[in-house]
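Look at the sequence and the 3D structure below.

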Amino acid sequence: MDYLQVLVLAIVQGVAELLPVSSSAHVIMAEKLMGLDPSTPAMTLLLVMLHTGTMLAVIVYFWKSWRERYFSSKHDFIHNAKQVIIATAFTGVIGLALMFFIEKVLMRGSEHAEIEHLFGNLYIISAGLAMAGILILISGRKRPPMGDRPMRGSDSAWIGAVQGVCLPFRGFSRSGSTISTGMLRGLDKVRVEEFSFALAVVLTPPVIVKEAYRLYKSGGAQTLSGHFMSVLTPSLVGMVFSFLAGLIALRWLSRWLEHGRWYLFGIYCLVASAVVLAASQYL
């Protein structure tokens, strides 16, 4: 990889990760167009660093509002911590169950059957984008609630369950699906946005650890050891740019969400789904 490729991937990851348009779909397409192999150790390390950059962007952007809503009192902290735990638990159970079913049942008999082998499948990515787009359009047509009611356990369970469904399927945007689910449950847009990205901060570290473990298990860590600094430096540069791109994307998302333009992300996802489906004939 050269620095231009790193810069492109960092911007694509930073923007698409935090907008409801599926970062994985965009990153995979960018990799294919640039002729990069996402399975190489260097690419795995870069993607880990890019995820770290976007996670830091989420923390910086939402910290003030989280502090006011989640840490203003002991009661608020306990209530919101329970909602995060409920949602994360449903995500874990449903996401792991789906991945187990896909690997052990649908992919049974395949050599080295792993869910990651499906991540580059453009047909699945196209279907995921279409599902996310439809969900965003449906939620965008729902009339906003009259007031900002507290989040209940059932709301968190639904949001967490939908997030769990997103885990195995690249293209099915996590943020788009969870925010849409909260809106369909009658929750305030701002509250759902803050909660969705609080879940992202909880979810991202295990994803980073999982990718790092895959790198180690595949022997990639030993491959990188000989020229570690030459690989680490562009990865750190990528992390910085994904952080900056993430801050811009979050500001963009908040404005469109609060000013009734949420549905435009749904239209984009449907168009992107069609483009990916067409591109699958040539890539």
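A residue is called buried when its relative accessible area is under 20%, exposed when it is over 50%, and partly exposed in between, using a 1.4 Å probe and protein chains only. The structure is a predicted model, in which local features need pLDDT of at least 70, side-chain atom pairs count only at pLDDT 80 or more, and totals for chains, interfaces and linings use all residues. Residues are numbered from 1 along each chain as its sequence is written, and side-chain values use heavy atoms, with hydrogens and water left out.

Cys166 counts as buried because its relative accessibility is 5%. Cys269 is buried as well, at 0% relative accessibility. The structure holds zero disulfides, a disulfide being a pair of cysteine sulfur atoms within 2.5 Å.

Next comes the interior. A nonpolar core is a set of buried Ala, Val, Leu, Ile, Met, Phe, Trp, Tyr and Cys residues joined through side-chain atoms within 4.5 Å. The largest one here has 31 residues, and Val58, Trp66, Ile179, Phe195, Phe197 and Trp262 have the most contacts inside it. At least two residues of this core come from each of H1 (3–18), H3, H4, H7 (174–184), H8 (189–217), H10 (228–258) and H11 (262–279). These labels are for helices, which are DSSP runs (H or I, at least four residues), while strands are runs of E with at least two; both are numbered from the N terminus. Which helix gives the most to this core? Helix H8 does, with seven residues.

Now turn to charge. Side chains of opposite charge can pair when their charged atoms come close. A salt bridge is a side-chain nitrogen of Lys or Arg within 4 Å of a carboxyl oxygen of Asp or Glu, and the structure holds three of them. In one, the closest N and O atoms of Arg69 and Glu194 are 2.5 Å apart. This pair links distant parts of the chain, since Arg69 is in helix H3 and Glu194 is in helix H8, 125 residues apart. Arg69 is buried, with a relative accessible area of 19%, and Glu194 is buried at 6%.

Asp155 has a relative accessible area of 0%, so it is buried. Asp155 forms a salt bridge with Arg149, with the closest N and O atoms 2.8 Å apart. Asp155 also forms a salt bridge with Arg185, where that distance is 2.9 Å. The latter pair joins distant parts of the chain: Asp155 lies in helix H6 (residues 153–166) and Arg185 in the loop between H7 and H8, 30 residues apart. Arg185 is partly exposed, with a relative accessible area of 28%. Through shared partners, Arg149, Asp155 and Arg185 form one network.

Helix H3 (41–70) and helix H4 (74–106) are the elements that give two or more residues to the patch, and H3 has the largest share, three residues. Leu56 lies in H3 and is partly exposed, at 37% relative accessible area.

Finally, consider the record. The unreviewed UniProt entry lists residues 40–63, 84–102, 122–140, 195–216, 228–250 and 262–282 under "transmembrane region". Over residues 122–140 the chain is 100% helix and 0% strand, with the end C-alpha atoms 27 Å apart. For residues 262–282 the values are 86% helix, 0% strand and 32 Å between the end C-alpha atoms.

How values were computed:
UniProt positions are given in the numbering used here, feature names are shortened, and annotations may be inferred rather than shown by experiment.
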